[in-house]
Amino acid sequence: MTIKNLLFASLLTASTGMAAQDVVNLPKPDMKAKSMSVVEALRTRHSVREYATTRITNQQLSNLCWAACGVSRDNDHRTAPSALNKKEIRLYVFTEKAVYEYEPVANRLNVKAKGDHRGLMAGGKAGFKQVFAQEAPVSLLMVIDLERFGQQSEQAIRMGCVDAGNVSENINLYCQSVGLATVPRATMDTEGIRALLKLSDKQIPIMNNPVGWPKK
Ligand SMILES: Cc1cc2nc3c(=O)[nH]c(=O)nc-3n(C[C@H](O)[C@H](O)[C@H](O)COP(=O)(O)O)c2cc1C
């Protein structure tokens, strides 16, 4: 590393509390990528539980995260609606390299845990497991953050569940429209995820979408 790079890295760390290598700046989402119409995506959308090993590029990841809950217009409005515009759904991205949190405004991924933790998507230690989920190149995890919602009432939890469903359906329709394969899922190792991501008791892992290219 050159002195200039070192200086830049330490400045970044000092200003954000984050090391440079802990951040992946995504390319701008490609709004002109070839895709089918919403009506066609609605007509053909279906759950897919088998994926090719072909990797997902950072450009595709950027498009996917943007479609899920990225910034769509002024005042930090998002592609997915949320109750009272609270934007309480945190989106985590599991890949073979690490687990990241998507930061919509900066359009970047912040590393939360290094290494391959996709196994947590298969299911809990005991009980029902779906091994296909850990074989998808990417899994998107939705976490309801009640701190962001500003309440922890039953009603807030219900709204969080609905808002996670909105994000998940954006992922479903976006995937269908560009030829990616996915399935919305509740199955996962919730306790393992809580421990890995150091989630508080006000942060609830609620759904995930494994994403990959369809197996030929
Ligand atoms: C809230 C929710 C939770 C789901 N959880 C799972 C799951 O854990 N595992 C799974 O394989 N499919 C899961 N699914 C997918 C459904 O089984 C699937 O959407 C349904 O069978 C209809 O099939 P289709 O998506 O192809 O129309 C879930 C769907 C929803 C909406």
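This is a predicted model: local features need pLDDT of at least 70, side-chain atom pairs count only at pLDDT 80 or more; totals for chains, interfaces and linings use all residues.
Visitor: Which residues are around the ligand?

Guide: A residue is near a molecule if one of its heavy atoms lies within 4 Å of it, and here the residues around the ligand are Arg45, His46, Ser47, Arg49, Gln130, Val183, Pro184, Arg185, Ala186, Thr187 and Met207. Residues are numbered from 1 along each chain as its sequence is written. Local features need pLDDT of at least 70, and side-chain atom pairs pLDDT 80 or more, with hydrogens and water left out.

Visitor: How far is the side chain of Thr187 from the ligand?

Guide: A polar contact is a pair of N or O atoms within 3.5 Å; an N or O atom in the Thr187 side chain lies 2.5 Å from a ligand oxygen atom, while a backbone N or O atom of Pro184 is 2.9 Å from a ligand nitrogen atom.

Visitor: At what angle do H3 and H6 pack?

Guide: Two packed helices are described by the angle between their axes and the distance between the axes. Helices are DSSP runs (H or I, at least four residues), and axes are lines fitted to C-alpha atoms over the stretch in contact, with angles from 0 to 180 degrees between N-to-C directions. H3 (residues 58-69) and H6 (residues 154-178) pack at about 135°, their axes 7 Å apart.

Methods: A polar contact is a pair of N or O atoms within 3.5 Å; within protein, one must be able to donate a hydrogen and the other to accept it, and residues adjacent in sequence count only if both atoms are side-chain atoms. Helices (H or I, at least four residues) and strands (E, at least two) are DSSP runs, numbered from the N terminus.
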